[in-house]
Every structure is written in C-alpha cells, then in structure tokens.
Amino acid sequence: MDKQARKSSLISVIITTIAVVFIFLSGIQMLLVSIFTNKSTSQSYGENCTEIAKAYSTMLTSRMNMYFREIRYYVDSDVTQSMDIEKIIEWMCAKNDRKSANIDAMYFCTLDGKAYRDDRTVRDFSNEEFFKAIAIDGNYEYVSNPKMDEVIKKPVFYVAHVVIVNEKKLGIFAGVYPLSSIQKIVSNTELGETGSAWLLSGDGKVIMYPEPGYTMKTNFLKDLSSDHADMRQIVNNMVARKTGSGWIKSLSTGKKQYVTYVPVHNTPWSLGFNIAESQIYSAGHAIRNIMLISFGVIAIVLPAITALVLFNLLNPLKKVEKAIDEIASGNANLTKRITVSSNNEIGTIVLGFNKFTEKLQSIVSELKKSQVTLSKAGEILSETTDNSANAIESIKNSIVETTSGINEQTNGITDTSAAVNEIAANINALEKMITTQSSGVTEASSAVEEMIGNIDSVNNTVEKMVGSFNILADSAKDGYQKQSDVNKMILKIEEDSKLLLEANAIIANIAAQTNMLAMNAAIEAAHAGEAGKGFSVVSDEIRKLSENSSLQSRSIGERLSRIRNSIENVVSASKQTSAAFNTVTNGIKDTDELVQLILNAMKEQKQGSKQIIETLHTMNNSTFEVTTASKEMSEGNSLILERVGNLKSSATKMQDFINSMEEKAELIDKSSSELIDISTKVSDTISQIGSQIDQFEV
C-alpha cells in the first residue's frame with residue numbers, strides 16, 4: 001500500500017466510524033421515538049374514537065327516542081281510555097293515511113298475540129321478539145332486532161310500547177320501521193379517511209357493515225371462521241352490550257384494523273367503527289418520515305464536514321511524512337528539522353519527532369566514533385583465532401596417532417580374553433556335565449536299589465496273593481457245593497407245597513359237601529317236626545363245623561399261595577447265586593494265572609537289577625576321578641581370566657582417557673571454528689554498521 005492510500009485509509013476509518021456510530025444512535029432514536037409515538041397516538045386515538053362512537057350512538061338513540069314518541073302518539077290517544085279494543089283498532093286504521101312518514105305500518109297486538117294491522121289485516125305475533133319482551137318479560141317499550149317483513153319483503157324492525165289504562169294492560173302498539181333509514185345513517189358515518197361505522201344486532205346478525213357481502217346476510221356469532229377469533233371476541237363483547245376497543249384482521253383483505261364499539265341505548269344493538277392501522281399511526285409515520293429525511297441530510301453533511309476538518313488537521317503530518325522519507329532515502333540527513341505551526345496534538349507529535357531526530361543524531365555520532373575501535377578489535381580477534389586453530393589441529397593429529405596404537409592393543413587383549421572365556425565356558429560346561437552325570441549315577445544306584453527292594457516286596461505280596469487265591473478258590477468250590485444242596489432242598493420244599501395245596505383243595509371240597517349234607521339234614525328235621533328237633537341241633541353243629549372248615553381252608557390256601565410265591569423267588573435267587581459262584585470261580589482261576597506270570601517276571605527283573613547296580617558302582621568311581629581333574633583345570637583357568645581381566649581394564653581406562661582427550665579436542669576445534677565464524681561475522685557486521693552509519697549525515 002502506498003503513502004496516499006495509507007493517508008486516505010486513516011480518514012476513511014475515522015469517517016466510517018463516525019458514520020456507523022451516527023447510524024446506530026439515529027436508528028435507536030428513531031425506533032424509540034416511533035414506538036413511543038405509535039403507543040401514545042394509539043392510546044389517544046382509541047380514547048377519541050370511543051368518544052366519537054358514543055356520540056354517534058347517542059345520535060342513533062335520539063332517532064330511537066323520536067320513533068318512541070311517534071308510537072306514544074297512539075299509546076296516549078283518548079281512544080285508549082275507553083278500553084274498547086275494537087274502537088282502538090278502528091281508530092288506528094282511520095289514522096293510516098295520517099301516520100308518520102317514518103312508519104311503514106302500525107299494529108295493535110292484544111295480549112293473546114293477535115296483531116291487527118292498520119290495513120285491517122290480522123297476524124299472529126305471539127312468537128315475535130317485541131311481543132315476548134313486553135307481554136312476558138314486562139318491558140314498557142322495546143326495539144326489536146331487524147328481520148325480513150313477509151308483507152313488504154324488505155328488512156324492518158319493530159318499535160313497540162305497551163298500552164296501560166288504569167294499571168291494566170290492554171295491548172301493545174308496534175310500528176314497523178324500514179331498516180334502510182338506519183343503514184343510511186350508519187353508512188354515511190365516517191371517521192377520518194378510513195374510519196367507517198357498522199351496526200350489529202343483539203343476536204349477532206349484521207345490520208350494516210362497510211365491507212360488501214355481510215349486511216343482513218351474516219351472523220358474526222355463528223358464521224365467523226376460526227381464523228377470525230379476534231373479531232369473534234369483539235362480537236361477543238358487543239352482544240353483551242360492553243364498551244371497548246381492540247385490533248382485528250380485516251375480513252376481506254386481512255390487514256390490521258382498529259375497532260371501537262359502544263352499545264346503542266334503548267335498543268339491543270351495538271355500534272362499531274373500523275379504522276385502518278395506517279390512519280391510527282399516520283402521525284407516527286409522518287414523524288418517522290421527517291426523521292428519515294433529516295437523517296439523510298445529516299448523513300451527507302456530517303461526513304463532508306468531518307472529512308474537511310480531518311484534512312486540515314492532518315495536513316501538518318505531511319511535513320512529518322516528507323522528513324521521514326528524506327531520512328529513509330539518500331544519505332539519511334539527521335540535521336533536518338520540521339517547523340511547528342499548529343498548537344494542538346499534531347503539533348506535539350511534530351515536536352516529538354524533532355526531539356527523536358536530534359537524539360538519533362547524537363546516537364549515530366557516537367556510533368561513528370566507535371566504528372574505528374570495533375574495526376581494529378575485529379582484526380586482532382581474527383589473527384588470534386587463526387593461531388588457536390593451528391595449535392588445536394596439531395593436538396588433534398597427536399591424539400589420533402595415540403588412539404590408533406591403543407586400539408590395536410585393546411583388540412589383542414579382547415581376542416585373548418574371548419579365547420580364555422571360551423575355554424572357561426567349556427570347562428564349566430564339562431564340570432556341570434560331570435556333576436550332572438555323577439548325580440545321575442548316584443540317583444540311578446539309589447533307584448535301582450530301591451527297585452530291588454520293591455521287587456522283593458512285590459514278590460512277597462504276590463506269593464501271599466497266590467495263597468489267598470488258593471484259599472478263595474477252595475471257598476468258592478465249597479460255597480458252590482453248598483448252594484447246590486440248598487437248591488435241592490428248595491425244590492423238595494416246592495414239591496411239598498404243591499401236595500399241601502392239593503390236600504387243602506380236598507379239605508375244602510369235603511367242607512362244601514358237609515355243608516350240603518347239613519342243609520339236607522335240617523330240611524329233613526323240619527319235615528319230621530317235633531321228633532326231628534334233636535337231629536336239627538346236630539345238623540346245625542355240622543353246618544357250623546363245615547363253615548369253619550371252609551374258612552380255615554381258604555386261609556390255609558392263601559398262606560400256601562404266598563409260601564409258594566416266596567419259594568419261587570428263592571429258587572430264582574438261588575439260580576442267580578449259583579451262576580455268580582460259577583463266575584467267581586472262573587475269575588479266580590484267570591487271576592491266579594496272571595499272578596503266576598507276574599511272580600515269574602519279578603524274579604527275572606530282580607536278577608537284571610543286580611547286574612545294573614554293579615555297573616553303576618563302577619561308573620560312580622570313574623566319575624569321581626574326572627570331577628577332581630575338572631576342578632583343578634577350572635581353578636587354573638580362573639587365575640588366567642583374572643590376569644587377562646586386569647590387563648583389559650587397564651587398556652579400557654587408557655582408551656577412555658584418550659577418548660575423553662579426543663572429545664575435548666573436538667570441542668576445542670568446534671569452539672575454534674565457531675570463534676572463527678564469530679570473528680568473521682563480527683568483521684562483516686562492523687563493515688555493515690560502518691556502511692549504514694556512513695549514510696547518516698550528522
């Protein structure tokens with residue numbers, strides 16, 4: 001960036017900063033003023049609109065009072081004092097041509113709801129709103145909500161008044177008024193440029209509305225959609241005959257509107273005014289426009305004035321800039337000074353620049369004096385550095401030769417030490433092998449001796465087992481023989497039990513026959529009569545004996561059956577026992593043969609073990625002699641290793657000393673090189689300082 005661009009950027013930064021601060025503060029001011037103005041205007045306008053709406057409502061009330069006076073003309077007539085309904089109706093019909101121009105038709109309603117029109121037609125008004133309000137609810141006068149008249153086919157409303165004579169109700173006079181007269185009054189009512197009036201009946205039906213398509217067609221209580229909840233709330237308040245205001249969206253355009261509403265007295269109606277948002281906030285918008293214009297003017301004038309002032313204030317800095325350019329270029333003349341003409345902060349900066357230049361002139365003068373001294377010192381430093389470098393190079397060559405000789409000596413000692421260590425390792429390995437072999441031979445001898453003892457023990461055990469197996473075989477044979485005898489006895493018992501069962505069957509048969517004989521004897525005794533009584537007693541005893549015999553026979557038979565079953569079980573078990581004895585006998589024979597084989601093998605193993613132990617004793621003696629010789633070799637080798645280690649340690653120390661000398665020599669050489677570089681740099685720096693200082697004119 002060039003000088004002009006830098007100077008322009010300073011002015012631009014200052015102007016931009018002032019402009020941003022001005023725009024920010026002006027925007028906040030405009031926002032606050034707009035909010036306060038709109039709020040104040042809205043509140044004031046709302047109060048004024050409410051008062052205006054009340055005034056128009058009073059005007060409509062006055063119109064209703066005029067209509068009531070026209071009805072009272074009929075109510076207060078002399079004919080009503082006669083209390084003759086027919087005369088009253090006749091008089092009303094006679095006045096048809098002379099009634100008020102505001103009235104379309106007049107009715108006289110009796111208390112039963114029958115309505116007589118002034119054109120002599122009769123209708124039933126018992127369900128009419130005004131009739132219920134006066135005849136049932138007890139009102140004296142009433143204005144009904146609008147409806148379509150069936151006779152004249154246009155919207156009308158009824159103004160009704162009760163007729164009371166001597167505190168007795170005779171009927172009701174009701175005038176039919178065209179709704180168009182009220183609609184015309186409301187439609188001609190305006191408030192400002194956009195404010196328009198509208199009228200709502202007590203049941204929510206629209207009497208008059210400024211937007212097309214709603215008048216006498218829409219009921220705001222029933223027909224408004226959920227999108228117009230704000231309007232529905234206002235309609236509820238109007239039907240409840242409240243006074244108030246609020247914001248709504250236009251039913252057709254959707255724009256915001258301010259609504260103020262008041263009830264119309266002596267009627268169930270409410271009067272409302274719709275005012276566009278632009279009209280409410282017109283004063284605030286005008287103030288905002290004025291502020292925008294003034295803001296635009298200030299935004300143009302302020303930067304221009306600021307730029308002019310800044311240009312005049314920053315003009316002295318041009319001289320500073322020119323002086324600095326002269327110092328920075330050419331021979332840097334430090335004798336130049338700037339003339340001060342302004343007595344402000346910029347003038348102070350110029351004075352400070354003159355003081356700085358004077359101080360710099362003094363410093364550069366001293367530097368020029370020191371330049372000569374530095375040049376001489378640099379030459380001496382360069383010569384000293386060269387001499388030191390030559391001496392260090394000689395020391396390095398001597399150290400290299402000494403290091404070479406020591407390295408050859410160290411390599412020889414290392415080779416010798418490695419060979420001795422290898423011999424020592426072999427001797428140690430041999431000694432370990434001999435020791436291991438000796439231990440193995442000793443352990444083998446002990447194991448073989450222990451094995452011989454175990455073999456003897458096994459032989460004794462096997463011999464005992466052979467004797468035990470012989471006894472067991474004899475016992476098994478004896479048990480098998482006895483089991484065979486038992487089996488024979490059991491079979492004999494089984495045959496005897498069969499004979500007992502047969503005998504018990506014969507006894508049971510005899511008992512049955514005896515019982516038959518006893519029964520026959522009893523029958524014959526009964527035939528004999530008195531003479532057969534003794535025989536009858538004998539037959540009874542025989543019969544009882546027969547029955548007891550039968551019972552005992554059955555009991556014996558059951559017990560014999562159980563005994564027979566037990567015998568059969570014993571026979572089955574005896575057969576299994578015999579088979580088991582036979583199996584045991586065969587197993588004992590097989591086991592005895594195996595034991596004989598083991599006994600023979602143990603005898604052969606014992607003979608072989610004796611031969612092995614003799615051989616192991618011989619090996620143990622030889623191993624002892626080898627171990628002794630190995631220990632003597634190991635002791636001699638240790639002494640050699642100790643001497644070689646001492647020699648190697650001395651060589652290592654000498655090598656470390658030489659290495660240390662070499663490292664120090666390298667450090668000295670490095671320092672010497674750095675010193676040479678420093679000397680060169682110092683010389684170059686002195687030359688550069690001299691050339692730079694020579695540019696200043698002091």
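Me: What makes Tyr56, Gly195, Ser196, Ala197 and Phe273 contacts of Thr189?

Reply: Heavy atoms count as in contact when they are within 4.5 Å. Thr189 meets that condition with Tyr56, Gly195, Ser196, Ala197 and Phe273, once its neighbours within four places in sequence are left aside. Please keep in mind that this is a predicted model. Thr189 itself is found in the loop between helix H4 (179-187) and strand S8 (190-191).

Me: Why is Thr189 called buried?

Reply: Its relative accessibility is 7%. The word buried is used under 20%, so at 7% Thr189 counts as buried.

Me: What makes the approach of Thr189 to Ile185 a polar contact?

Reply: A polar atom of the Thr189 side chain lies 2.7 Å from the backbone oxygen of Ile185. The cut-off for such a pair of N or O atoms is 3.5 Å, and 2.7 Å is the distance here.

Me: Let's turn to the strands. Why is strand S13 described as largely enclosed by the rest of the structure?

Reply: Strand S13 covers residues 270-276, and six of its seven residues are buried, so the description follows from that count.

Me: How do you know that S13 pairs with S9 and with S12?

Reply: At least two bridges are needed before two strands are said to pair. Strand S9 (residues 195-200) has five bridges to S13, in the antiparallel sense. Strand S12 (residues 256-263) has seven bridges to S13, also antiparallel. You can pick out examples in the structure: Trp198 stands opposite Gly272 in S13, and Pro263 has Ser270 in S13 as its bridge partner. In the hairpin of S12 and S13, six residues lie between the strands, and Asn266 there takes a positive phi near 65°.

Me: Which strands pair with S2, and how do you know?

Reply: Two bridges would be enough. Strand S1 (residues 105-109) has three bridges with S2, and strand S3 (residues 122-124) has three with S2 as well. Both pairings are antiparallel. Phe108 stands opposite Tyr116 in S2, and Ala115 has Arg123 in S3 as its bridge partner. Each of these hairpins has a residue with positive phi: Gly113, near 95°, for S1 and S2, and Arg120, near 70°, for S2 and S3.

Me: Why is the meeting of Arg120 and Glu90 called a salt bridge?

Reply: The nitrogen and the oxygen have to be within 4 Å. Here the N to O distance is 3.0 Å, and the pair qualifies. The two partners belong to distant parts of the chain, 30 residues apart: Arg120 is in the loop between S2 and S3, and Glu90 is in helix H2 (residues 85-94). Glu90, at 42%, falls in the partly exposed range.

Me: How many salt bridges are there, and which others can I look at?

Reply: The count comes to six. Among them is Glu128 with Lys147, at 2.8 Å from N to O. Glu128 lies in the loop between S3 and helix H3 (129-136) and Lys147 in strand S5, so the pair ties together parts that are 19 residues apart in sequence. Glu128 has a relative accessible area of 12% and is buried, while Lys147, at 27%, counts as partly exposed. Another is Asp104 with Lys154, where the closest N and O atoms are 3.4 Å apart.

Me: How many disulfides does the model have, and what decides that?

Reply: A pair of cysteine sulfur atoms must come within 2.5 Å, and by this rule the count is zero. Cysteines are present, though: Cys93 is buried at 9% relative accessible area, and Cys109 is buried at 0%.

Me: What is the predictor's confidence in this model?

Reply: The mean pLDDT of the protein chain is 75, and 58% of its residues reach 70 or more. Over residues 1-8 the pLDDT is below 50, and this stretch has four contacts in the model beyond near neighbours in sequence.

Notes:
Residues numbered from 1 in each chain as written. Predicted model: local features only at pLDDT ≥ 70, side-chain atom pairs only at ≥ 80, totals over all residues. Heavy atoms only, no water. Buried < 20%, exposed > 50% of the residue type's maximum accessible area, 1.4 Å probe, protein only. Helix = DSSP H or I, 4+ residues; strand = E, 2+ residues; numbered from the N terminus. pLDDT = per-residue confidence, 0-100. Polar contact = N/O pair within 3.5 Å; in protein donor to acceptor, adjacent residues only side chain to side chain. Salt bridge = Lys/Arg side-chain N within 4 Å of Asp/Glu carboxyl O.
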